[in-house]
Amino acid sequence: MSSLTPSKPQTNQSRIALIIPPGQKLRDEFCCPITRELITDPCIASDGHTYDRTAIERWLRSNNTSPKTGQPLEHKHLVPNHNLKRLLTDMIEAGDSALYCQEEGVDMEEEEEKGPSVALVKEQVLVCKCLGPVESTWNNKTFRVGEDGAQGGRRRPKEHTAKDFIQFTDATVSRTHFSIIYSPTKSSFILSDLGSAGGTFVRVVKDSPFRVSSGTMFMLGKHQLKFLDPDKDDAEDSAVLAGGEDDCDALLEEITENLEGKGVISSERVNKKVVPQSGRRGTQVDTPQQDEEQGGVKEEEVGGEEQGKEGGEVGDGVFRESERNGLVAKLKCFAPPGTPIQGEVFGVSTNGVTMGRKTGNDVSFSQDMGGEVGIVGLDSSISGEHARVEWKGKGEGEGGELWLHDGGEKGKGSTNGTWLRLSGMHQKSEGWEIKHGCEILIGIVRFHCFYEEVVVERDYEEEK
């Protein structure tokens, strides 16, 4: 395969970049020694040979030897072969006959009667580059998903139909965590959570808010919250605990260190329930005692298909002001386990809600411990003015919409992002269209996603 200038394919004919004449084959020097197919992203391994990046990276995950010679490799670093990539791009665009040569031992007259059997076809590839955390085995590495799709997790399923499986070792990634498929009608890739525990998340882009509905879940720093109907009895809600034990322990350790650093509080006090700071517009809602056992969450419909100028719509809910309490929605903090505000419920009015570490926010991720301790932040990953919820009324008696924004009212985005969770714990999600340049979280492993167009070998009869 070889990279070309990105463009959306419209028809099968427009996808064909070059037809290989009957009785001809691609030259060996343009094929990956592992896949025996046209190289898409050539890179040089320590054995001095050039391979397709996706193929050699997959090989190196479980091998320390050269796939070409069988000898031990000095190291696993890969160097891009820019010269070969440019050469292939130019030759394919020019239809250069030097790309192929005659196959040995074939009857040319017979082959010409059959007609061409191989075409070089333009296809979309999703490239996902890991941005961290640094302790992840994927840090600074990249995986690619072709139109055949892929699945990912910590263990390859016994029955696996996708062409590729993206292997993880991170504790927050489930055995079978997510899938990515290609949609020909949209010319884009679709992300789905397969019922993971740690969750699959999409980052809310600054200045491109998401419309939410009752049941929508999102994450700020390590904290996760859920939108509830304003008249719903909170005791009936079974918001699930999300995130692994490592996340919970890390958060408790962070809070403990923050408090003990003042020299006046012990770690035992961290586990006590502390009333959050009151905000300007948000209202802390008194809730009945919750059972310790948490249940599952109703599967939420999450989709990227309705994305418009102002971002994406999550569900199709319309919120209405409650006659009982004057709220349009509630926000419940359900994760991580152990946070002092776990289970707390905050009211959302038509004035909207601001969220962040500063005490002036409607939902403040800080605690007033009183005395010499004063104000203590609960989550250092949350910005001072991290996110906000905006109310957009439809008209008198018609209710309105709630939109989730990243950043505060002054227009500055958060540092670590506002993340939409695709589904509850152990619940499969609807498909979400991956946009060029977006960011996703698999558990807590973060990826930047973008599209490339490549050229692959395909059966000519299927493409013409």
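By salt bridge I mean a side-chain nitrogen of Lys or Arg within 4 Å of a carboxyl oxygen of Asp or Glu. Arg-15 sits in helix H1 (residues 12-15) and Glu-123 in strand E7 (residues 118-132), so this pair ties together parts 108 residues apart in sequence. Helices (H or I, at least four residues) and strands (E, at least two) are DSSP runs, numbered from the N terminus.

A word on the source. This is a predicted model, where local features need pLDDT of at least 70 and side-chain atom pairs count only at pLDDT 80 or more, while totals for chains, interfaces and linings use all residues. Residues are numbered from 1 along each chain as its sequence is written, and side-chain values use heavy atoms, with hydrogens and water left out.

Back to the pair. Are Arg-15 and Glu-123 buried or exposed? Both are buried. Buried means under 20% relative accessible area, exposed over 50%, and partly exposed in between, with a 1.4 Å probe and protein chains only.

Now the next partner. Arg-15 also forms a salt bridge with Glu-147, at 3.3 Å, N to O. That pair links distant parts of the chain: Arg-15 in helix H1, and Glu-147 in the loop between E8 and E9, 132 residues apart.

Look at Glu-147 itself. Its loop runs between strand E8 (142-145) and strand E9 (150-153). Why does Glu-147 count as buried? Because its relative accessibility is 18%. What does Glu-147 touch, leaving out residues up to four places away in sequence? Arg-15, Glu-123, Gln-124, Tyr-182 and Phe-189. Contact here means heavy atoms within 4.5 Å. The Glu-147 side chain also reaches the backbone nitrogen of Gln-124, at 2.8 Å.

Next, another part of the chain. Glu-439 and Arg-203 meet through their side chains in a salt bridge of 3.2 Å, N to O. Glu-439 lies in strand E28 (residues 439-442) and Arg-203 in strand E13 (residues 200-203), so the two tie together parts 236 residues apart in sequence. Glu-439 is buried, at 15% relative accessible area. Arg-203 is buried too, also with 15%.

Last, the wider count. How many salt bridges does the structure hold? There are 16. A network of salt bridges links Asp-41, Arg-53, Glu-57, Lys-85 and Arg-144. As a general point, side chains of opposite charge can pair when their charged atoms come close.

Note on methods:
Polar contact = N/O pair within 3.5 Å; in protein donor to acceptor, adjacent residues only side chain to side chain.
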